[in-house]
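Colleague: Please put the model up, and then I will ask about the sheet, the helices and a few single residues.

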Amino acid sequence: MADEIIDLTRYLKREPAAELPRGSMTLWGAEGERSRFALPLWRIIHLAQGERGLILYAPVGRPRAAAPFVVLDLGSDPARLDLDDVLLPRFGPDEGPSLVDLGRDGLAVFLGARAGSVWTLWVDGIAEREGMLTSTVREDVLFLAGECAGLLFLRDLADEAELDEP
């Protein structure tokens with residue numbers, strides 16, 4: 001991994017100037033190595049025009065039992081951990097890479113499965129976006145979600161989930 005400083009302005013020039021929600025930016029569950037999720041989550045939230053991004057895990061076939069692993073909340077301090085209104089798709093353990101765009105109701109990306117848990121990236125708080133994501137934005141979101149999946153499974157961060165209490 002390069003030691004250079006990441007220049008966020010090159011990303012911002014590519015998209016129309018959309019204002020991010022003003023207020024707090026709160027990370028939850030991002031201690032140690034998990035802090036590496038902050039940049040790709042922030043970028044995905046920006047692309048989806050959302051307010052909150054989460055890495056979630058749930059037992060296979062039980063998306064309603066999802067628990068947060070890392071949360072980046074641009075609209076609340078402390079970060080909102082509630083998942084009551086989250087409409088997670090029922091991803092299976094053998095799912096291929098997929099993105100489900102529910103418009104203003106949210107955005108879900110299947111990250112993978114390990115040890116009986118399905119991992120999903122979720123973005124909500126999408127109030128301003130009209131319509132679905134363009135193909136270019138979808139590709140960017142999938143690329144960044146791939147970074148999150150790499151952190152989870154190649155750096156074995158997903159193995160920490162068993163220790164966490166939602």
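The questions and answers below go through the fold and then some residues.

Modeller: This is a predicted model, in which local features need pLDDT of at least 70, side-chain atom pairs count only at pLDDT 80 or more, and totals for chains, interfaces and linings use all residues. Residues are numbered from 1 along each chain as its sequence is written, and side-chain values use heavy atoms, with hydrogens and water left out.

Colleague: In what order do the six strands form the open sheet?

Modeller: Strands here are DSSP runs of E of at least two residues, and helices are runs of H or I of at least four, numbered from the N terminus. Two strands pair if DSSP finds at least two bridges between them. The pairing is antiparallel, and the order is β1-β3-β2-β6-β5-β4.

Colleague: Which strands stand at the edges?

Modeller: An edge strand has a single partner, so one side of it is left without a neighbour in the sheet. The two are β1 (26-28) and β4 (99-101).

Colleague: Over how many bridges do β5 and β6 pair?

Modeller: Strand β5 covers residues 107-114 and strand β6 covers residues 117-124. Across this pair, G112 stands opposite W119 in β6. The antiparallel pairing of β5 with β6 runs over seven bridges.

Colleague: At what angle does helix α3 run to β5?

Modeller: Axes are lines fitted to C-alpha atoms, for helices over the stretch in contact (heavy atoms within 4.5 Å). Angles run from 0 to 180 degrees between N-to-C directions. Helix α3 (residues 135-154) lies across β2, β3, β4, β5 and β6, and its angle to β5 is about 30°.

Colleague: How many residues of helix α2 are buried?

Modeller: Buried means under 20% relative accessible area, exposed over 50%, and partly exposed in between, with a 1.4 Å probe and protein chains only. The buried residues include W42, R43 and H46. Helix α2 (residues 38-48) is largely enclosed by the rest of the structure, because the buried count is nine of the eleven.

Colleague: What is the relative accessibility of L121?

Modeller: L121 is found in strand β6. Leaving aside neighbours within four places in sequence, L121 is in contact with residues including L41, I44, A145 and C148. L121 counts as buried, with a relative accessibility of 0%.

Colleague: Which backbone oxygen does the side chain of S76 reach?

Modeller: S76 lies in the loop between β3 and β4, and at 17% relative accessibility S76 counts as buried. At 2.8 Å, the S76 side chain reaches the backbone oxygen of P78.

Terms used. A polar contact is a pair of N or O atoms within 3.5 Å; within protein, one must be able to donate a hydrogen and the other to accept it, and residues adjacent in sequence count only if both atoms are side-chain atoms.
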